[in-house]
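Welcome to my notebook. I looked up a few things here and wrote them down for anyone meeting this structure for the first time.

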Amino acid sequence: PSLSPSESMKTIYLPSGFKLELVASEPMIEEPIDIAWDGDGKMYVVEMLTYMQDINATNENEPWSRVSVLEDTDGDGKMDKSTIFVDSLILPRIILPLDDQVIIAETYSKNLWSYRDTDGDRIADEKLLIYENQEKYRGNLEHQAANLTWNIDNWLYLSKDAFRYRWNGSKLEKDTIIDAPTGQYGLTQDEVGKMYYSRAGGEVVALGFQQHPIYGALEMDGRWEEGFEEPWPLIGTSDVQGGEIRLRPDRTLNKFTGVAGQEIFLGDRLPMYGDLFIPEPVGRLVRRAKVTNLDGKMVLSNPYNKAEFMASTDPNFRPVRAATGPDGCLYIVDMYRGIIQEGNWTKEGSYLRPEIQRRNLDENIGKGRIYRVVHEQMKPYLPIKLLDKSSKELLEYLGHLNGWYRLTAQKLLVVRNDNAVISGLKSILTDNESLWDELFSDQDFGIQRLHALWTLD
């Protein structure tokens with residue numbers, strides 16, 4: 001049976017020093033699969049309201065899904081105001097705030113739309129087609145491109161497809177990538193722009209991270225330590241698509257299968273900067289991976305011995321997204337449901353169908369939780385509103401300790417295309433210590449210079 005948020009939180013285990021806080025839950029949100037913040041720290045939540053509402057995926061492709069915007073009006077870290085930003089969507093899968101515009105795209109469609117709230121009521125009243133491609137994605141929704149990401153090079157990349165996009169001030173222009181990595185749901189970047197993909201269908205926990213995708217797909221032997229592909233759940237996992245071959249004698253999952261929504265954590269309120277967090281909804285856990293540069297080869301390792309950073313004994317715990325927040329903390333999106341595998345794999349005669357029916361997993365729908373991971377020695381701070389700041393004021397955020405601010409400030413400056421800041425950007429490069437030392441006495445000026453260079457570009 002489903003547990004309340006407070007009951008379910010008691011089943012989720014974290015290492016000593018870390019604590020979980022509830023940010024939002026049903027009925028405020030339902031079936032969440034992704035989150036993103038705009039420059040003022042408003043949280044946009046993608047809700048696939050029609051995803052697997054029964055074992056047969058009845059009405060799954062109806063336009064009943066939505067994107068909501070959540071706000072914390074009293075600064076306590078918990079969302080207390082929710083507004084439906086856009087509704088009547090078909091399984092939305094892309095969310096990317098620009099300035100006061102938000103890019104949204106739906107399953108099966110290759111069109112990209114910009115939505116904007118022009119009157120301040122948090123409801124989108126402007127919809128503009130910013131990239132048009134009337135060709136439809138074919139095949140299952142699990143195998144379609146997602147996770148449009150603004151890279152540090154100011155190109156926008158997808159988890160799948162050999163294309164990238166660039167904002168020209170009113171629309172997106174497409175460019176071809178000759179040999180891009182191929183992932184599924186989930187895409188993230190480190191502080192210098194290398195991107196981390198995953199491929200649940202191929203049971204590939206992480207790929208594409210040896211070099212920037214524009215230079216081609218490069219995979220190397222030894223890219224993760226021995227045993228890294230083995231997850232360590234707290235409970236048995238009978239509802240796994242691979243069947244018995246994917247289970248240990250104790251019935252726990254023996255290999256990552258449902259990897260999705262990974263994140264390189266770039267926040268400054270947890271002692272885990274630069275680590276990769278990999279949700280595994282089939283195993284009811286989140287892997288923390290250390291990323292080590294060994295003579296130029298990036299290697300992933302699990303810092304815990306046959307254990308995970310986050311794991312639950314609640315069978316309905318379904319982590320599908322990790323994200324760095326504007327408060328410097330790590331956020332986890334829990335779709336919180338019984339069935340996680342799409343209906344193509346739950347049909348009559350499938351391995352999963354009797355397992356779902358035996359445990360009544362199809363009854364657990366219409367819920368969802370968003371959590372914040374905090375540390376007992378590092379207090380979160382209130383998000384800083386960037387949208388109303390001048391372009392000159394945004395320059396200082398290119399060196400913020402929280403990578404969310406660095407990337408967001410750069411994105412806003414590029415979208416504005418304000419030539420008045422060119423001299424300031426050049427000063428960051430040429431006169432860093434004298435001009436910026438007072439503001440950023442403990443910052444690594446190298447990463448600030450890198451953002452200044454790409455902003456100038």
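Does Phe 265 count as buried or exposed? I found that Phe 265 has 0% relative accessibility, so it counts as buried (under 20% relative accessible area with a 1.4 Å probe and protein chains only; exposed is over 50%, partly exposed in between).

A note on the source: this is a predicted model, where local features need pLDDT of at least 70 and side-chain atom pairs count only at pLDDT 80 or more, while totals for chains, interfaces and linings use all residues. Residues are numbered from 1 along each chain as its sequence is written, and side-chain values use heavy atoms, leaving out hydrogens and water.

Next I looked up rings and read ten aromatic pairs (Phe, Tyr and Trp rings, Trp by its six-membered ring, with centres within 6.5 Å; planes under 30 degrees apart are stacked, over 60 edge-to-face, the rest tilted).

Last, I checked charges over rings (NZ of Lys or CZ of Arg within 6 Å of the ring centre and within 35 degrees of the ring normal). Lys 127 lies over the face of Trp 113, 4.2 Å from the ring centre. Arg 369 has its charged end over the ring of Tyr 336, 3.7 Å from the centre.
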